[in-house]
Amino acid sequence: MVDINSDNPAHSANAITGTRPGHDKESRMSTIPKNNSETVAHTPGRASSIGVWILQVVLAAIIAGGGISKLAGDPVMVDMFADIGAGQWLRYLVGALEVAGGVGLLIPALAGLASLGLAALLTGAVITDQFVLEQSPWLPLACLVVAAVIARARWSRTEAVVGTLLRR
């Protein structure tokens, strides 16, 4: 029940119109969303974040697995680096960089930097496969594209990490 003699102008106006405070037509219309865009807006961001995480885990498994086989001395890897002609030290270096990059993809603060480093490493792999080993570069090329997608998706965090490192 609203007091008609109230000093509050909203109460007295509402008493005349027969509405309660906060329940007039204008306030109800302004609080009711016209569509679900407020809830839908968060869904693509969440879905894309989950998608990028899936890409990161898959790429980490592929790259780190290759790095482990290089470091373990898999005969196929030993022969491949012998065919490259740069020496087995390059096999150890590439293997260590691949394992480090794979682990870096799984650490949120380092994922962007790791993907950039892996993109550089994979560029070398594409060139080596195509022009030195004369074999199909499709696997390293596909991994390069995935690394680039991850680098782009994690760019803001990469800028923040680099900015923090440069301020020190």
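At roughly what angle do the axes of helix α5 (residues 75–84) and α6 cross? They cross at roughly 120° and come within 8 Å; axes are lines fitted to C-alpha atoms, for helices over the stretch in contact, with angles from 0 to 180 degrees between N-to-C directions. This is a predicted model, in which local features need pLDDT of at least 70, side-chain atom pairs count only at pLDDT 80 or more, and totals for chains, interfaces and linings use all residues. Residues are numbered from 1 along each chain as its sequence is written, and side-chain values use heavy atoms, with hydrogens and water left out.

**α5 and α6**
- The angle makes α5 oblique to α6 (oblique is what remains after under 35 degrees, roughly parallel, over 145, roughly antiparallel, and 65 to 115, roughly perpendicular).
- Contact (heavy atoms within 4.5 Å) involves Met77, Val78, Phe81, Ala82 and Ile84 of α5 and Gln88, Leu90, Arg91 and Val94 of α6.

**α7 and α8**
- Helix α7 (residues 111–132) and helix α8 (residues 138–153) have axes that come within 8 Å and cross at roughly 155°.
- α7 and α8 are therefore roughly antiparallel to each other.
- Residues making the contact include Leu116, Leu122 and Val126 of α7 and Leu141, Leu144 and Ile150 of α8.

**Confidence**
- The chain averages a pLDDT (the predictor's confidence in each residue, from 0 to 100) of 84, and 74% of the residues score at least 70.
- Mean confidence is highest in helix α6 (residues 88–105), at 98, and lowest in helix α3 (residues 37–40), at 48.
- Residues 1–6 stay under 50 in pLDDT.
- Where pLDDT is low, the predicted coordinates should not be read in detail.

Note on methods:
Helices (H or I, at least four residues) and strands (E, at least two) are DSSP runs, numbered from the N terminus.
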